[in-house]
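Welcome! Have a look at the structure below, and then we will walk through it together, one part at a time.

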Amino acid sequence: MHKHSNQDSSDNLLSLLRENVFSLVSKHDEVKIEVTRRPRRVFYEVSVASSDVGFLLGRGGKHIQAIRTLVSAAAGKYGLKPEIDVVL
């Protein structure tokens, strides 16, 4: 089993998060993801263009919840617990 650094692991999760956010929004240049790392935790604050917020969230929050589930599943491989917040 490979040992992954918290930095490498959270970078992999960031790539996964970014790819999924980009797939839902049209203004890629306005996507910003702030990352805060803590031991065994990683926090992501996602902001997008105001016109893209609805697409990111999805009806009833289904899109963002699916992204949270996907990133959480991937994070389990690294022993991390991610938190993803959308900043309006």
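Let us begin with Ser 10, which sits in helix 1 (residues 6-24). Helices (H or I, at least four residues) and strands (E, at least two) are DSSP runs, numbered from the N terminus. Ser 10 has 0% relative accessibility, so it counts as buried. Here buried means under 20% relative accessible area, exposed means over 50%, and partly exposed lies in between (1.4 Å probe, protein chains only). Apart from neighbours within four places in sequence, Ser 10 touches Arg 37, Val 42, Tyr 44 and Leu 80, where a contact means heavy atoms within 4.5 Å.

A word on the source: this is a predicted model, in which local features need pLDDT of at least 70 and side-chain atom pairs count only at pLDDT 80 or more, while totals for chains, interfaces and linings use all residues. Residues are numbered from 1 along each chain as its sequence is written, and side-chain values use heavy atoms, with hydrogens and water left out.

## The whole protein

The protein contains 3 helices and 3 strands, and along the sequence they follow the pattern α-β-β-α-α-β. Its radius of gyration is 13 Å, close to the 12 Å that the globule rule gives for 88 residues, so the protein is as compact as a globular protein of that length. That radius is taken over C-alpha atoms, and the globule rule is 2.2 Å times the number of residues to the power 0.38.

The C-alpha trace spans about 40 × 25 × 20 Å along its principal axes. Of the 88 residues, 30% count as buried. Among contacts between residues at least 6 apart in sequence, 60% join residues at least 24 apart.

How are the strands arranged? They form an open sheet of 3 strands in the order 1-2-3, with mixed pairing. Strand 1 (32-38) and strand 3 (81-86) are the edge strands, each pairing on one side only. On average, neighbouring strands of this sheet are turned by 15° against each other, direction ignored; the axes are lines fitted to C-alpha atoms, for helices over the stretch in contact, and angles run from 0 to 180 degrees between N-to-C directions.

Strands 1 and 2 run antiparallel and are joined by 7 bridges, whereas strands 2 and 3 pair in the parallel sense over 6 bridges. Two strands are said to pair if DSSP finds at least two bridges between them. Lys 32 stands opposite Ser 47 in strand 2. Strands 1 and 2 also make a hairpin with 2 residues between them, and Arg 40 in the turn has a positive phi of about 60°.

Phe 43 lies in strand 2 (residues 41-47) and, at 26% relative accessibility, counts as partly exposed. Its bridge partner in strand 3 is Glu 83. Beyond neighbours within four places in sequence, Phe 43 is in contact with Glu 34, Val 35, Thr 36, Arg 38 and Glu 83.

## Charged pairs

Side chains of opposite charge can pair when their charged atoms come close. How many salt bridges does the structure hold? There are 2, a salt bridge being a side-chain nitrogen of Lys or Arg within 4 Å of a carboxyl oxygen of Asp or Glu. In one, Asp 11 pairs with Arg 37, with the closest N and O atoms 2.8 Å apart. Asp 11 lies in helix 1 and Arg 37 in strand 1, so this pair ties together parts that are 26 residues apart in sequence.

Arg 41 and Glu 83 also meet in a salt bridge, at 3.3 Å from N to O. Because Arg 41 lies in strand 2 and Glu 83 in strand 3, this pair ties together parts 42 residues apart in sequence. Arg 41 is partly exposed at 27% relative accessibility, and Glu 83 is partly exposed with a relative accessible area of 32%.

Asp 52 is found in the loop between strand 2 and helix 2 (53-57). Asp 52 is buried yet has no salt bridge, and the nearest side chain of opposite charge, Lys 27, is 6.3 Å away. For charge, Lys and Arg count as positive and Asp and Glu as negative; His and the chain ends are not counted. Leaving aside neighbours within four places in sequence, Asp 52 is in contact with Val 25, Ser 26 and Lys 27.
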